[in-house]
Amino acid sequence: MKTEFDYIVIGAGIAGASVAAHLAASHNVLILEMEDRPGYHTTGRSAASYEPNYGPVPMLALTRASADFFKNPPAGFTEAPLFMPRGSLYLAAEGEEAATEYLLAKSEGLDEISELEATELLPILRPGYTKRAFLDKATGDLDVDLLHRGYLRQFKTVGGVLHSNAEVVAITHSAGQWMVDSKLGKFTAPIVINAAGAWGDVIAKMAGVAPVGLVPKRRSIGVVPVVGYDGFEKWPMMMDVADSWYAKPQSGKLIVSSADATPVDPHDAYADDMAIAEGVERLMTATTFEVTHLDHSWGGLRSFVPDGNVVVGFDPSEEGFFWLVGQGGYGIQSAPALSRTAAAMAERKSIPVDVLEAGLKITHIHPERLR
Ligand SMILES: Cc1cc2nc3c(=O)[nH]c(=O)nc-3n(C[C@H](O)[C@H](O)[C@H](O)COP(=O)(O)OP(=O)(O)OC[C@H]3O[C@@H](n4cnc5c(N)ncnc54)[C@H](O)[C@@H]3O)c2cc1C
């Protein structure tokens with residue numbers, strides 16, 4: 001078994017898979033994944049949405065710079081579309097003026113529409129609930145599995161090595177080399193990329209690197225059956241301007257969330273029934289939709305540092321330790337631009353011009369800001 005590499009990437013979620021796919025084109029790259037399959041944790045548990053007006057400003061830049069990839073993926077990357085258009089309807093209820101102003105200040109291309117127009121798009125809208133409604137036509141559903149598999153295939157095609165069941169248990173640094181000890185064996189590389197999702201600070205501490213203050217936050221999604229609503233598959237995603245609930249059609253059902261964000265330790269997450277009940281209640285307050293029972297539910301961890309922006313770049317005090325964590329609730333929709341940016345930084349090359357033109361400032365994502 002080959003043990004010496006140029007880069008060792010810890011974690012085979014969307015972050016690790018996508019950055020590794022770029023780096024493997026010209027380097028020997030190893031991904032170590034603790035689970036028996038890549039994508040088991042947060043990547044496999046998202047709402048699969050592309051929302052270019054959702055998130056803090058640096059994440060918006062990375063998301064907007066990813067649009068072209070989703071709509072026109074490179075030849076051979078995927079056998080089916082990655083992006084399926086679905087508008088998003090932002091709803092502002094009584095008392096949500098401040099949240100509306102915040103949304104409008106950072107958004108591009110939102111159309112304010114009347115209650116009548118909103119009801120034509122979303123016939124279940126409860127009359128009188130919505131004080132202002134905004135339509136985002138640039139949003140859509142993403143095929144996360146295809147995206148993730150596309151990056152892993154690209155990685156393997158150019159000679160990248162992925163080991164599953166290879167939990168990293170110890171990391172040491174000497175003479176310019178990181179020694180990464182996993183349940184599958186020991187591997188060395190001058191550069192380690194920490195793409196361990198919710199476990200990002202656990203990996204840092206293991207390597208003797210100061211943590212960045214990453215907090216995993218649980219989000220729960222309930223899936224409810226839809227009976228007797230013709231054409232519901234075409235409903236837009238519906239979301240509150242204050243980010244207190246959202247719902248959208250998915251795979252013949254409706255997913256609903258109270259947009260919960262409960263701080264927890266990294267673990268194999270599960271849904272919080274109370275949070276789902278709150279989401280259902282808010283959905284039924286804003287609409288006339290009747291939820292009779294839950295089909296199933298799931299939970300996942302969205303991980304954040306205090307300013308809510310991703311953490312990308314070499315640690316300022318530990319040579320060869322590269323951060324790629326803190327994607328929060330935007331790690332799928334930003335993955336194409338984020339992975340190109342991260343790979344360029346890990347290779348000490350210049351940042352892709354289109355990403356800078358989309359408005360990204362490196363100081364907003366570099367770990368140095370957190371020291
Ligand atoms: C409910 C929910 C809805 C979401 N909706 C959206 C959405 O609509 N759009 C969007 O863009 N984003 C969304 N997100 C966010 C998105 O899913 C994440 O930002 C993204 O998946 C993070 O990817 P990751 O690779 O960093 O993490 P992960 O997928 O968790 O990958 C990290 C990997 O590291 C591995 N690992 C950890 N420790 C070790 C170790 N010691 N050794 C080896 N491997 C290790 C883990 O097993 C895991 O596979 C949502 C998230 C949730 C939970």
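## A helix under cover, a ligand between domains

Helix H3 (67–71), helix H4 (97–106), helix H9 (335–346) and helix H10 (353–357) are among the elements covering the buried residues of helix H2. Keep in mind that this is a predicted model, where local features need pLDDT of at least 70, side-chain atom pairs count only at pLDDT 80 or more, and totals for chains, interfaces and linings use all residues. Residue numbers start from 1 along each chain as its sequence is written.

**Helix H2**
- Seven of the eight residues of H2 (residues 57–64) are buried, so this helix is largely enclosed by the rest of the structure.
- Those buried residues are Pro58, Met59, Leu60, Ala61, Leu62, Thr63 and Arg64. (Buried means 20 or more other C-beta atoms, placed from the backbone, lie within 10 Å of a residue's own.)
- Helices are DSSP runs of H or I with at least four residues, strands are runs of E with at least two, and both are numbered from the N terminus.

**Around the ligand**
- Both domain 1 (7–48 + 144–214 + 307–370) and domain 2 (88–137 + 215–304) give residues to the shell around the ligand, so it lies between them. (The bounds come from an automatic or database domain assignment.)
- Out of 40 residues around the ligand, the nearest are Gly11, Gly13, Gly197, Gly300 and Gly331. (To count as near, a residue's C-beta atom, placed from the backbone, must lie within 6 Å.)

- Strands S20 (residues 311–314) and S21 (residues 321–325) pair in the antiparallel sense over four bridges. (Pairing takes at least two DSSP bridges.)
- Val312 sits opposite Leu324 in S21.
- Six residues lie between the strands of this hairpin, where Gly320 takes a positive phi near 80°.

How values were computed:
A residue is buried if 20 or more other C-beta atoms lie within 10 Å of its own, exposed if 12 or fewer, and partly exposed in between; C-beta atoms are placed from the backbone. Two residues are in contact if their C-beta atoms, placed from the backbone, lie within 7 Å.
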